[in-house]
Amino acid sequence: MFLTPEIIAIYILDIIFLVFASFAFIISIMIVKKWDINSTSELQYSLEKRAILVATIIKYIFILKLPLFIFFVFTADKISGVITGAMCAAGVVNSISFGLWLFVFKILNLFIFGFWIALHVKDMQDEKLSFTKLKFSIFIVAFVLLVVEIFYEISFFSSLDVDKIVSCCGTLFSVASSSSFSLIFNIPNNVIITTFYLIFALLVFFSFLKKELPFLVINVIFFIVSLLSLILFFGTYIYELPTHHCPYCFLQREYYYVGYLLYITLFIGTFSGISGSILRMLRADYKKIFYKTSLIFNSLYVAIVTAYPIIFYIKNGVWL
Amino acid sequence: MIECKNITKVFNQNKRNEQTALKNINLEIKSGELVVLKGASGSGKSTLLSLIAALSKPTIGEMVVDDKRVSKMPDNFTAMFRRQNIGFIFQKYNLISTLSSYENIILPTIPSNPDEIELDKRVDELLKMFDITSKKESHIKNLSGGEQQRVAIARALINNPKIIIADEPTANLDEKLSLEFIDIIKELKQQKRTIIIATHDPLFFNLDFVDRVIEMKDGQILCS
Amino acid sequence: MNHFLIGFAISSLFRRGAKSFFTIFIFTSLIFLLSSILFISNSIKEELFITLKSLPQITVQKLQAGRHTNIEISKIDKLLKLNGVQSAIPRIWGYYYFEKAGVNFSIVGIDSFDKQYKKSFEAIVKDVDFDELYKNNSMIVGEGVDKVLRENYYQGVFNFIKPDGELKKIKIASTFKSATALESNDIILMPKDLVLEIFGMNKNEVTDIVLEIANPEEIPTIAKKIKNLFPDSKVITNSDLRVSYQNIFDYKSGMFLALFIISAFTFFMIVYDKASGLSSEEKREIGILKALGWKIDDVLKAKFYEAFVVSFISFLVGVMLALFFVYTLQAPLLKDIFIGYSRLKPVFDLPFAFDFQTLFLLFFLTIPIYIAAIIIPSWRVASMNADEVMR
């Protein structure tokens with residue numbers, strides 16, 4: 001058990017989120033069950049008002065969750081100073097068996113909450129409020145995911161053990177590691193790089209073609225391939241070390257916090273692509289601007305990661 | 001322009017203090033018409049006005065204004081509808097007394113984030129029209145009754161609405177100011193606006209430019 | 001950004017002056033208190049980490065009956081034979097309680113031919129003639145010590161009371177100042193033989209032995225070996241110290257935060273109450289706005305802008321005040337609570353330690369709580385039936 005100010009802050013916010021989300025959850029169930037836009041009953045009118053409360057709560061949670069995600073990494077990073085063997089957030093996160101799951105849930109929930117808000121904005125522009133039932137059904141699922149995340153987070157911090165010696169990122173993300181994760185290191189560099197740029201080329205292509213379904217799929221694939229190529233290839237150039245594959249270390253000061261820039265551009269790029277495509281499939285009048293947003297941010301991401309190996313080559317005349 | 005179809009409004013439905021404010025109202029008001037709603041307080045005039053403005057929603061029935069079913073619109077749209085189509089003149093003016101005339105007049109435009117230059121032009125126009133230019137920056141609490149009345153009308157007109165709704169507009173005015181108000185109404189009528197006035201002030205009943213006087217009692221229309 | 005709406009929100013705050021002022025006052029105090037606590041603990045941590053960096057990689061002590069006792073000097077040879085050990089330095093040090101001032105001095109023995117185990121000491125003793133020091137019965141003291149002695153009318157000389165009750169008169173040869181005040185303010189350096197005499201220690205014993213290790217990676221392994229070699233020893237590595245220090249301080253600020261949570265909760269309730277209890281004037285105002293075409297969302301937005309303005313002002317003022325309080329005024333009262341042992345140590349200055357992470361933390365501990373407190377009341381107000389203005 002561990003009680004740093006940072007962890008207390010995260011606990012407090014988790015509890016606030018939990019209380020408010022439970023409120024929203026109860027209202028959501030009522031709306032999914034009783035919503036009838038044509039009814040003139042007082043119940044329907046009060047549901048319409050409560051729907052606004054739920055939307056406000058979800059916006060509140062999402063807006064805080066974005067910086068909180070960065071703060072979580074910060075905190076894990078800081079704790080790495082105390083946990084024997086851990087050099088960065090990776091060691092801390094992996095010192096707990098479900099640490100990786102916590103991360104997956106965090107990212108997934110950010111995507112879902114973000115999508116929910118995009119759907120909400122669209123819904124509010126519709127006189128019939130035709131997405132309301134869908135919107136609140138999605139929230140019921142999102143609530144369960146949020147509860148799982150918060151549960152994971154609280155048990156994560158409470159089961160951190162100062163006396164346990166953990167592996168640092170160097171061993172976690174290496175060829176020699178025996179974890180299932182290390183399987184990906186069997187992918188040769190040229191394969192992953194080719195895939196990465198190929199997928200990006202497809203993404204550019206579909207963004208000009210403006211077809212929703214392929215654009216959606218390609219964004220999901222791009223997200224995954226980007227993370228893999230970052231760990232396998234581009235990361236080593238950021239560290240200028242062929243053996244260092246950690247996806248967390250470059251969030252630290254030594255690398256000018258470039259990791260945040262990378263993750264944020266990648267998140268905005270793929271998120272706007274994915275949610276925009278879904279919304280446009282739901283309603284044809286959704287504005288096509290998301291193709292541009294997605295393309296700009298994804299390209300920015302590609303430009304940054306590409307710059308690292310190129311600059312390295314210019315400086316040193318060799319590849320790693 | 002305004003169609004009330006079979007409207008019933010019940011307050012506190014299924015509760016012990018249930019109260020039927022309007023019963024089976026059917027009414028049509030044409031564009032450019034000036035209608036006076038007449039009746040004692042509690043006869044349902046104000047409730048009918050708030051239904052027309054989509055401030056509240058009918059328990060039964062349908063309200064159609066300007067071809068829009070305002071009785072079934074969500075809050076976002078009713079608010080926008082009010083902002084664009086309806087100018088309110090309340091009893092006791094309902095100005096915010098700690099704000100200046102200018103700040104009160106622009107209140108209806110704030111949510112649509114107006115262009116400042118155009119807005120200023122429009123406000124100055126209205127101030128000039130009602131002869132209160134010198135009171136632009138004065139706080140409402142420092143204005144006379146007549147000036148407050150004119151600020152309230154200026155506020156109702158800022159978005160250039162098609163419909164003017166006035167609820168007991170002369171209840172707090174002396175006769176001179178009431179007559180002044182009637183002059184303004186006449187002018188608005190000439191501008192082809194649809195005007196609905198709820199009042200029990202006899203001054204309004206025999207005006208030559210009033211198209212219809214509708215009498216209400218216990219939530220029902222007596223004659224029209 | 002709708003600047004009309006922001007303007008309206010700000011003017012609403014002004015119009016409810018007393019109420020807004022009350023909220024801002026309480027919120028500012030809360031942020032001030034919290035940031036002071038965090039700044040102080042950051043400073044002390046910073047101070048300790050600088051100290052720790054200069055600490056030996058491995059310290060070997062002897063335990064007898066579970067207590068720390070003096071270690072035989074002969075063990076040095078065996079320690080030096082361990083692979084990876086670069087040097088082993090015997091240390092003689094201890095605390096001397098100066099009753100009159102109620103403070104503890106740390107006395108450290110030094111020798112001219114010994115390699116100094118601390119870089120900072122090396123710099124201090126570089127120009128000192130040890131034979132002279134020993135011959136003249138004199139010592140070198142930290143600035144804090146000098147100050148305490150002066151306050152008690154000791155000018156250039158001090159009388160130590162030996163265990164047998166005799167007095168030992170020692171002159172002050174010079175004073176020094178080092179990088180971190182916490183570490184060296186209470187330090188007295190003098191030749192080893194003098195220290196042995198003052199503490200009444202045996203000639204073939206030392207307080208502990210510090211080791212220098214060539215490869216830092218080997219520290220845990222060597223520590224294990226020493227433990228096997230001398231089962232009665234206590235082996236402390238520098239990373240052990242670092243972890244335990246950070247733990248203590250996180251724990252201490254954790255305790256304060258637990259208190260903070262209680263006050264934050266109270267604050268939450270006050271704000272909730274204030275936001276819920278609307279005067280009839282405010283209710284009428286919201287009714288007017290809605291009749292004039294404001295959406296529920298517009299009213300909510302105005303309310304949130306108000307909350308942002310309040311939070312921003314409180315945050316700015318609270319943090320500024322805390323910076324002033326902690327670093328300019330040196331945190332009177334609060335500092336003492338934090339460093340429980342301050343009574344036993346000469347005073348020290350809080351070094352300036354400020355980072356964005358702390359600001360981040362402060363933000364998360366205050367503003368979201370305030371906003372959370374107003375969500376439901378604001379929604380209630382904003383979704384009120386507007387037709388009441390017509391009645």
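Select chains A and C and look for salt bridges across their interface: the rule finds zero, where a salt bridge is a side-chain nitrogen of Lys or Arg within 4 Å of a carboxyl oxygen of Asp or Glu. This is a predicted model, in which local features need pLDDT of at least 70, side-chain atom pairs count only at pLDDT 80 or more, and totals for chains, interfaces and linings use all residues. Residues are numbered from 1 along each chain as its sequence is written, chains are lettered from A in the order in which they are written, and side-chain values use heavy atoms, with hydrogens and water left out.

Stay with this pair. Here 30 residues of chain A are in contact with 31 residues of chain C (contact means heavy atoms within 4.5 Å). The area buried between chain A and chain C is about 2800 Å², with carbon and sulfur atoms giving 77%; buried area is the accessible area (1.4 Å probe) that two parts lose on being put together, summed over both.

Now move to chains B and A. Their contact takes 13 residues from chain B and 14 residues from chain A, and the area buried between them is about 1100 Å², of which carbon and sulfur atoms give 47%. Select Lys72(B), Pro74(B) and Phe77(B) next: in chain B, these lose the most area to chain A, together 45% of what that side buries.

How many salt bridges does the rule find across the interface of chain B and chain A? There are two. To see a salt bridge here, pick Glu48(A) and Lys57(B), whose closest N and O atoms are 3.6 Å apart.
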